[in-house]
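Subject: Structure for you to look at

Hello,

Here is the structure I promised to pass on. Please open it beside this message and follow along.

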Amino acid sequence: MLNHPDRLLPADPNVRAVARRLLAEVEHLPIVSPHGHTDPRWYAENAAFPDPARLFVVPDHYVFRMLYSQGVPLEALGVPRRDGGATEQDGRAIWRLFAAHYHLFRGTPTRLWLDHAFATLFGLEERLGPDNADRHYDIIAEHLARDDYRPRALFERFNIEVIATTESPLDELKWHAMIRESGWGGRVVTAYRPDPVVDPAFEGFRDNLAKLGDMTGEDTFSYQGYLEAHRKRRAFFKSFGATSSDHGHPTAATFDLDPVEAEALFRRVTGNAPVSAEDAELFRGQMLTEMAAMSLDDGLVLQIHPGALRNHNGAVFARHGRDMGADVPTATDYVHALRPLLERFGNETDLTVVLFTLDETAYARELAPLAGHYPALRLGPAWWFHDSPEGMKRFREMTTETAGFYNTVGFNDDTRAFPSIPARHNVARRIDCGFLANLVCEHRLDEDEAAEVARDLAYGLAKRAYKL
Amino acid sequence: MLNHPDRLLPADPNVRAVARRLLAEVEHLPIVSPHGHTDPRWYAENAAFPDPARLFVVPDHYVFRMLYSQGVPLEALGVPRRDGGATEQDGRAIWRLFAAHYHLFRGTPTRLWLDHAFATLFGLEERLGPDNADRHYDIIAEHLARDDYRPRALFERFNIEVIATTESPLDELKWHAMIRESGWGGRVVTAYRPDPVVDPAFEGFRDNLAKLGDMTGEDTFSYQGYLEAHRKRRAFFKSFGATSSDHGHPTAATFDLDPVEAEALFRRVTGNAPVSAEDAELFRGQMLTEMAAMSLDDGLVLQIHPGALRNHNGAVFARHGRDMGADVPTATDYVHALRPLLERFGNETDLTVVLFTLDETAYARELAPLAGHYPALRLGPAWWFHDSPEGMKRFREMTTETAGFYNTVGFNDDTRAFPSIPARHNVARRIDCGFLANLVCEHRLDEDEAAEVARDLAYGLAKRAYKL
Amino acid sequence: MLNHPDRLLPADPNVRAVARRLLAEVEHLPIVSPHGHTDPRWYAENAAFPDPARLFVVPDHYVFRMLYSQGVPLEALGVPRRDGGATEQDGRAIWRLFAAHYHLFRGTPTRLWLDHAFATLFGLEERLGPDNADRHYDIIAEHLARDDYRPRALFERFNIEVIATTESPLDELKWHAMIRESGWGGRVVTAYRPDPVVDPAFEGFRDNLAKLGDMTGEDTFSYQGYLEAHRKRRAFFKSFGATSSDHGHPTAATFDLDPVEAEALFRRVTGNAPVSAEDAELFRGQMLTEMAAMSLDDGLVLQIHPGALRNHNGAVFARHGRDMGADVPTATDYVHALRPLLERFGNETDLTVVLFTLDETAYARELAPLAGHYPALRLGPAWWFHDSPEGMKRFREMTTETAGFYNTVGFNDDTRAFPSIPARHNVARRIDCGFLANLVCEHRLDEDEAAEVARDLAYGLAKRAYKL
C-alpha cells in the first residue's frame, strides 16, 4: 500500500489513537497555501500537464538533485541546458531512469509526496521501480490527458481555498488578470517578491530598475522615486489579492540608515561603478526595513527567507542556470541581524514579519526567544530542506516551549510541484497531530485543547497570519 | 485534572512503568536549590504575598513576554514603568487578561509550572480560562491571605532543604542577617554575583567600585586593592552560607594576562576615559580567571552563565528596564573562550567551574568533551529557555554519552518565581526519570543503577557539586 | 545480563519486533572496517595482549579521559609520561581503579563496548564494579594468555572481512609486509594519512619532507618533486591494499590556487622562515585539492576528518603527549570551505570524497544538502564523540531526508581499541535497524526495503564506497 492511513503517526498504539482522532478533525480541512511557487499560467490557461516526466521529474529540483548526486547527468533527466544543448526529450525514457533510481528516495519526504500523489491521484498501489515503470507511466499519462486532471480541476480536487503565487514587481501579472477575467472561482493571489529590484547583485539590477521606472512612471534612479515605485507596485499586487511580500536574501541582515546615508547608499548601488559586496548587503538590509515601513501602511505581511547560498555549483549554474538543487544553507544569525528593523518596528502590533530559517540551530536559540517577545514577529514553518517529517518535529520541539504555537503561522508548502501540494499539507497535519498527541499522552496538554491547536495549525493560523 | 500523576513520563507503557518506579524514589526527596533569584526579603519578613496577579503575572518575565508577543501592552499587565507612568493596578483586571490568554502557554513549561502550583497549592482542578478566571483568583487570594501560605510556610511545604539567593558584592545582606537573627530554621544562603563591579559596561561601574571601596576599606581603584576587596566580600558572603559565585557575561571569554598587562587594563577600565568594548570584554574575561584563583583559596564554586544578549528591545528597556523578557541568546563559543582559564586551572581537582549555556549546539560539540576531560569542569543543567521538558531531554541526549552523568551537577531552578520551585524540580525529576527509564528499557543501563543515578540527579549531585 | 539481546532496540513492542527481524538479517554479516587505527603490528606478530588493563584501560582515551575528568591522575592509570616519570605499572592496580569508577560510564557508549567485549569474549555476566574487579581481571587475563585470544584469532572470531589501518607516508609498512609474507589469510590494508608531510604545523614538518625525499628519490623541496613523491607513496600504499587516503585538518578549508601561487606558497611553507598560521591553513587546503586530483588518477577514496582542536590541555600535552582525550571539537563550516575543491572536482563521478564532522549542526544544514547534490561527495558516519547511540540517531535523523541513505557510506569503527570493533559495528547495526524499524512502523518505508537498506548500511555501502 502506497499511502497507509496511519503513515507518519507515532508508532506507540496509545499515542497513535490520539493522533488519529486529532487527524480526523483536520485531515480534510481546506488547504490554505499562503506562500509558494506554482505557475499562475497553469490556472490561467488550464492546459493539460504534458506527461508524467514533465510533471514529476523535469521541474522538481528535489527529485533531479538526488539522481544527480548519484551520477545521473541532468541532461538525461531532461533538464534544459542554457546553451540549448541536447537533453533527453522522451518522457518515458526519463521516467524509466527515474524509476530505476527510486530507491534513492527511501526515507525522504520526496518519496512521501510522490507516493501520496501516485496513490490519491492515479490509484496506483505498487511502489514504483524499474519493473513497473512503464505501467505507472501509462496510467499517469492517461489521467493527465483527462479534463478532470487539468490544473483547475486538480485545484478543486485538492480542496484549495486559496493559493498564493510569487511574482517579481516587474511581472505584469497577466496570468492573474486572465484568471480573474475567466470567471473561474478558484482563489489565486500573488505575492510581492522584489529581489530583482532590491538586490544590487541580481542579474540586470540596473536594467530592472529602469523597467520598474517605465512601469510606474517614477524616477527609479532617485531614492524617493524608487521607494514610490515600490509603493505603486505593492498597491498593484494588492489589487490582485496579494497579502504579503517575500524576501530571499543571503542573510537576515537589516539596517536602518538615516535618510542621508540611505540616499547616498542608493546612489552608490545604482551608479555606474561596480557595487561592493558590503554595499549590496547594506542595501538589501536597508530595503527590508523600508519594506517593513511600507507594510505598516499597506498591511502586507513581510516574509524573510534568508540563509541560502545560491548556485553553489558553478558548473551546473553555467550549464543549467538557477534552482538546480545546488543551493546550500549557511549558518545564519538573527539576533544581531534583525535588530535594526526590530528597533524601529518590532513593537508594532499592526505589522507581521514572518521569519524562516535554513539553520535549525536558530530555532531554540534565537527565533523562538525573538518571536516569544516581539509583537511584530511570527515564525514561519520548517522550510525547504527541513520541510520533512523530522524537520517539522524538530521545529515544534525547538520552538514551542519558548514561543508557543500562536507565534507560528501554520504551514507553507512553498512548492512549484503542483501535485505535491496536498501531500505536503497532509504531511504537516500528520506530524503536528503526532506532536500534539504526544503532548496529550504525556499529560502536557488536554485533548480538547490539542484538537483546537491542530485546527489552528492546519488552517486557522495561516488564514489569520496572512490575512487570507 | 491539572497535574496528572503520569505527566511528562514517556508514553510507552513499559517505559512509563519503569519511569514511575524511578520517580517514586525521588519525587519526594528534599529540594536542594543551589542557584536562583528568589528574594531573601520574603524569608526575612515573611509577609503574605499580595495577590494572585502580583505573585504569578507581574514579576514573571516568562509570563508577560508571551502576552506581550501577542500584542498585550506590558502596562496592562501591571509591569511598572521607569517613568512612573500609569500601569494597571487592579490585580483582578490583570488576572482576567492573563486568563484570557492562557491558551498561549499550551506546550510551554510555564503552563506546567502554573498548573502544578494551581493544583498543589490551591487545590484547583480546572484549567484556567476566561470563564473561571474570577473563581481562580478568589481561591488563590484566599489562600495567600492565610498564615500557612506565607513564604516560610511555603518554604517548608516545598520541602526545601537549602536555597541559594544571588546578591551583588554591594549588597549588605541585611535580609540574610535578619533571617539568621530570626531563629527560623530554613536554610537560605547567598551567592556572590559580582557583575556590577567586574563588568565595566555595567551601569554605574565606577560608582560601584567606589562603594565597594567604602564597604571594604580597600583602595578599589588600585588593582591589588580591588582584588583584595573581592576577597573580603567573598569571605563576608561565605559567612552567610555562600558556597558559590556566579558570572553572567555576554560571552564565555576568559583571559589570563600577565600581572603588568592586567594592571594596565585595570587602569584603563577604571579611568575617566570611555572604556572600549574590547577592554570591557578583556576585563570581564580576566576577572573570571581571577575569580577562579580566589575559588582555589576559598572554595567557592564558580558558575558561568554566558551568552545572553541583554535588553535586545531598546524601547522596552527604556520604558520598563531590565529583565523584561527581551534577552536573547547568541551563538556561544566555549572551546577557545575558556582556554586561558583552563590552561591555568583546568587540571585543579579542588576547583569546580560549572558551565551553563543558552546555545545548545555547544552541548555535544564543546561542553561535554570539555567536561569529560578537565577535572575542574562540570556542566550546569539546561538553563532558562532550555529549562523545559524538551530542553532537558536534549541536554541529557547530547551530554551524557561523552560526559556521563557525574560531570553534571543536578538541577538548578534559577527562578525568581517562588511558587514554581517545586514544579520546576518536579519537571526535572520526571524528565530525568523518563530518560533513565528509556535507557533501562533499551538495556543500556540496569534499573538498580538507574535508581541510583536518579537519586543523584535529583539530590546528591547538587549537594556535592555545590558543597551544600 | 551484560549484553541483552534486545539492547538498543526501540522500546515500543511493535517497533522492536520489526527491528529484531531487520537485525537478524544483518547482525552476523562480516565486518568491513574501512577506516580505523588498529596497530598492524598486532596482526603481523600475533603476540598475546599483555593484560586486561593494558588492553582495555591504558591505551583507550575514551576510558581514561572520563576517570581523569573526575580527578584520577593519568599516572595512576598507567598512561606513560613523556619524561619517563613514574606511572602505575601493576595492571591489577590499574584495573581496580578502573572498576571503582565504572559507574562513571553509565549512559556512555564506552560502557556498551566494554560490556559487549566482557560478555562475548570472556563470558562475564556481572557488571564490573569494585567487588568483582579481581575476578574479572583474572578471567580476562586467563583468556588473553590463550592462543585463541591472540590478534589473528580474534580477527577471525570477529568475522572481519577486511580492515584498514592508517599510516603516514613515512611509514615503511613493514608490518603490512610481514602480514603479507606470513601467508595468513586475514585481509589488512593500509590507508594513506599524509598529515606529517602536508601540515606545515606538524612537528618536524621539514624533516619529514626530507625523509619523504629520501624514500622516494624525489626533490621534495620542489613542488613538482613533492607532488610526485606523494604519487609514488600513494602507489606504494595501494600495493598494500590501500583504497583511501585520510586527512585530519583543523578545518574543512580547501583551496585551488593557480600553479604559480601554489608554488610560491610551497616555497614559503618549506622555507626557513616561520610559517604563518594563514599559510599553514592555505597549504593544508591546497593539498586537499591536490589529493583530490591524485585520487582521480589513482582511485583512492579521499576522507576528510576536520574540526578537532587538538591538545586543548597544554599541561596534559606536555606531560603525556597527543591523543590523551583532550581534543575538543569546534564549529566547522563546510559550505564555504569545500567550495574550491568542489568547483574543480565536485561533479566528477569517478571521485569519492567522504566527509566527516564533529559539528552536528552541519548535518542537516550543510552536509546533507552538499552530499545530496554533488556526485563526488558522500557522508561518513557519526564520528568520535558522536559514534554513539544518540549520535547515530541524530546522524540518520538529520541527514536521511535530504541526502538519503545512498549518499552515506556505512559504518567506520575508527578505533584503536581492538576488542571494541565488533561491539561498535553491532551498536551501529542496532541503531540503524531501530531507525529503519521506526520508518517501517510509521509507514514511511516498506519492510522489504528496510531490510535491503539495513544490509547496505551494515555491509554493502562500505564495500562499495571504499572499493573494498
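A salt bridge here is a side-chain nitrogen of Lys or Arg within 4 Å of a carboxyl oxygen of Asp or Glu. Please keep in mind that this is a predicted model.

Chain B against chain C

By that rule, 8 salt bridges cross the interface of chain B and chain C. One of them joins the side chains of Asp448(B) and Arg127(C), at 2.9 Å from N to O. The rule for polar contacts finds 31 residue pairs across the interface of chain B and chain C, both residues at pLDDT 80 or more. Which parts of chain B give two or more residues to the side that touches chain C? They are helix H1 (13-26), helix H16 (339-345), helix H17 (361-371), helix H18 (389-403), helix H19 (421-441) and helix H20 (447-465) of chain B. H17(B) gives the largest share of that side, 7 residues. Sorted by kind, the residues on the side of chain B that touches chain C are 17 nonpolar, 13 polar and 14 charged.

The contact draws 44 residues from chain B and 52 residues from chain C. The size of an interface is often given as the accessible area lost when the parts come together. For chain B and chain C, about 3900 Å² is buried between them, with 50% of it on carbon and sulfur atoms.

Chain A against chain C

Here the contact takes 52 residues from chain A and 44 residues from chain C. The two chains, A and C, bury about 3900 Å² between them, and 50% of it lies on carbon and sulfur atoms. The interface of chain A and chain C has 8 salt bridges by the rule. Among them is a salt bridge between the side chains of Asp359(A) and Arg365(C), at 3.1 Å from N to O. Between chain A and chain C, 32 residue pairs are in polar contact, both residues at pLDDT 80 or more.

On the side of chain A that touches chain C, at least two residues each come from helix H1 (13-26), helix H4 (61-69), helix H6 (109-122), helix H15 (314-320), strand E7 (328-329) and helix H18 (389-403) of chain A. H18(A) supplies the largest share of this side, 5 residues. By kind, the residues on the side of chain A that touches chain C divide into 21 nonpolar, 17 polar and 14 charged.

How the copies are related

Two copies of a chain are related by a rotation about an axis and a shift along it.

Why do the copies meet through different surfaces, in the case of chain A and chain C? Only 4% of the interface residues of chain A are also interface residues in chain C, so the copies meet through different surfaces. For chain B and chain C, the surfaces are different because only 5% of the interface residues of chain B are also interface residues in chain C.

Inside chain A

Over all chains, the count of salt bridges by this rule comes to 135. One within chain A is formed by Glu447(A) and Arg21(A), whose closest N and O atoms are 2.8 Å apart. This pair links distant parts of the chain: Glu447(A) is in helix H20 (residues 447-465) and Arg21(A) is in helix H1 of chain A, 426 residues apart.

Chain A also has an open sheet of 3 strands in the order E1-E2-E3, with parallel pairing. Strand E1 (31-33) and strand E3 (188-189) of chain A are the edge strands, each pairing on one side only. Strand E2 (residues 160-164) of chain A pairs with E3(A) in the parallel sense over 2 bridges. Ala164(A) stands opposite Val189(A) in E3(A).

Regards

Note on methods
Residues are numbered from 1 along each chain as its sequence is written. Chains are lettered from A and ligands numbered from 1 in the order in which they are written. This is a predicted model: local features need pLDDT of at least 70, side-chain atom pairs count only at pLDDT 80 or more; totals for chains, interfaces and linings use all residues. Side-chain values use heavy atoms; hydrogens and water are left out. Contact means heavy atoms within 4.5 Å. Buried area is the accessible area (1.4 Å probe) that two parts lose on being put together, summed over both. A polar contact is a pair of N or O atoms within 3.5 Å; within protein, one must be able to donate a hydrogen and the other to accept it, and residues adjacent in sequence count only if both atoms are side-chain atoms. Helices (H or I, at least four residues) and strands (E, at least two) are DSSP runs, numbered from the N terminus. Ala, Val, Leu, Ile, Met, Phe, Trp, Tyr, Cys and Pro count as nonpolar, Asp, Glu, Lys and Arg as charged, and the others, Gly among them, as polar. Two strands pair if DSSP finds at least two bridges between them.
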